[in-house]
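Subject: Structure for your review

Dear colleague,

Please find below the structure that I am handing over to you.

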Amino acid sequence: MEENKKKAIRLVLENTKKALIKNGFKAEVCEGKEEAAEKILSLIGEGKKVGMGGSVTVSQLGLPERIISKNTIYAHKPQMSTEERRKTWLACMDSDFYLASPQAVTSDGKLIFIDGTGNRCAALTWGPKHIILPAGYNKIVKDLQEGRIRMRQEAAIANNIRFNKKNPCVISGKCEDCASPDRICNIVTEIWKKPKITEYSVFLINEDLGY
Ligand code: SF4
């Protein structure tokens with residue numbers, strides 16, 4: 001990325017970090033993927049139960065393969081039956097750390113997630129002791145309204161394409177608010193301030209990552 005643009009985005013990330021901290025979350029700005037990955041690995045340490053919500057950003061940071069060597073990971077796989085998924089998601093609820101990436105982070109420090117099944121939205125609000133949320137600068141939006149548009153018109157469409165879904169948005173390129181049985185936009189979680197008991201660490205990264 002061009003150097004001046006990178007510096008300008010850094011200012012946006014620093015302002016968003018301050019807003020997140022004001023809302024009770026821990027937040028850090030990282031210049032790139034490697035810095036974020038190192039910080040997250042050091043936070044998790046070893047011998048922990050780590051749940052994962054199936055995030056492109058988490059994969060782009062190379063975290064699953066690095067965490068699994070020293071910890072126990074709970075993450076569903078495509079070949080799992082519904083019952084196996086259910087057991088995995090219940091194990092995630094009792095994890096020491098849970099990793100996911102928000103669909104949007106507002107400039108006033110709120111977090112937005114969208115989910116088809118609800119396992120991720122459930123784990124993000126209560127259960128795991130510590131939620132870890134890496135997010136590229138592309139996830140920063142002005143406010144909740146802009147975030148709700150982003151999660152449907154950008155993130156959900158890219159995820160539909162990733163999962164090879166046959167929903168109308170993959171043809172039209174815009175959310176049609178479909179009634180498809182394969183719809184992946186069923187539950188929205190907005191975390192406005194840090195919920196009691198659970199810890200949240202947000203890593204804002206100066207790179208374009210995930211959806
Ligand atoms: S509601 Fe339906 S059309 Fe809209 S983004 Fe989600 S899956 Fe696609």
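This is a predicted model: local features need pLDDT of at least 70, side-chain atom pairs count only at pLDDT 80 or more; totals for chains, interfaces and linings use all residues.

Residues are numbered from 1 along each chain as its sequence is written.

The sheet. Six strands form an open sheet in the order S1-S10-S7-S4-S2-S3, with parallel pairing. Helices (H or I, at least four residues) and strands (E, at least two) are DSSP runs, numbered from the N terminus, and two strands pair if DSSP finds at least two bridges between them. Strand S1 (26–30) and strand S3 (72–74) each have a single partner strand, so one side of each is left without a neighbour in the sheet. From one strand to the next, the twist averages 20°; axes are lines fitted to C-alpha atoms, for helices over the stretch in contact, and angles run from 0 to 180 degrees between N-to-C directions. S1 runs parallel to strand S10 (residues 199–205), and five bridges join them. Within this pair, Lys26 stands opposite Ser201 in S10. Helix H1 (residues 3–22) packs on the sheet, touching S1 and S10, and its direction makes about 170° with that of S1.

The core. In soluble globular proteins, nonpolar side chains tend to be buried together. A nonpolar core is a set of buried Ala, Val, Leu, Ile, Met, Phe, Trp, Tyr and Cys residues joined through C-beta atoms within 7 Å. A residue is buried if 20 or more other C-beta atoms lie within 10 Å of its own, exposed if 12 or fewer, and partly exposed in between, with C-beta atoms placed from the backbone. The largest core here has 57 residues, and Val202 and Phe203 are among those that touch the most other members. S10 supplies the largest share of this core, five residues.

The ligand. Among the 15 residues around the ligand, those that come nearest include Ala156 and Cys169; a residue counts as near if its C-beta atom, placed from the backbone, lies within 6 Å. Helix H7 (residues 144–162) gives the most to this shell, with four residues.

A loop residue. Asp94 lies in the loop between H5 and S4. Asp94 is partly exposed, because 13 other C-beta atoms lie within 10 Å.

Yours sincerely

Notes
Two residues are in contact if their C-beta atoms, placed from the backbone, lie within 7 Å.
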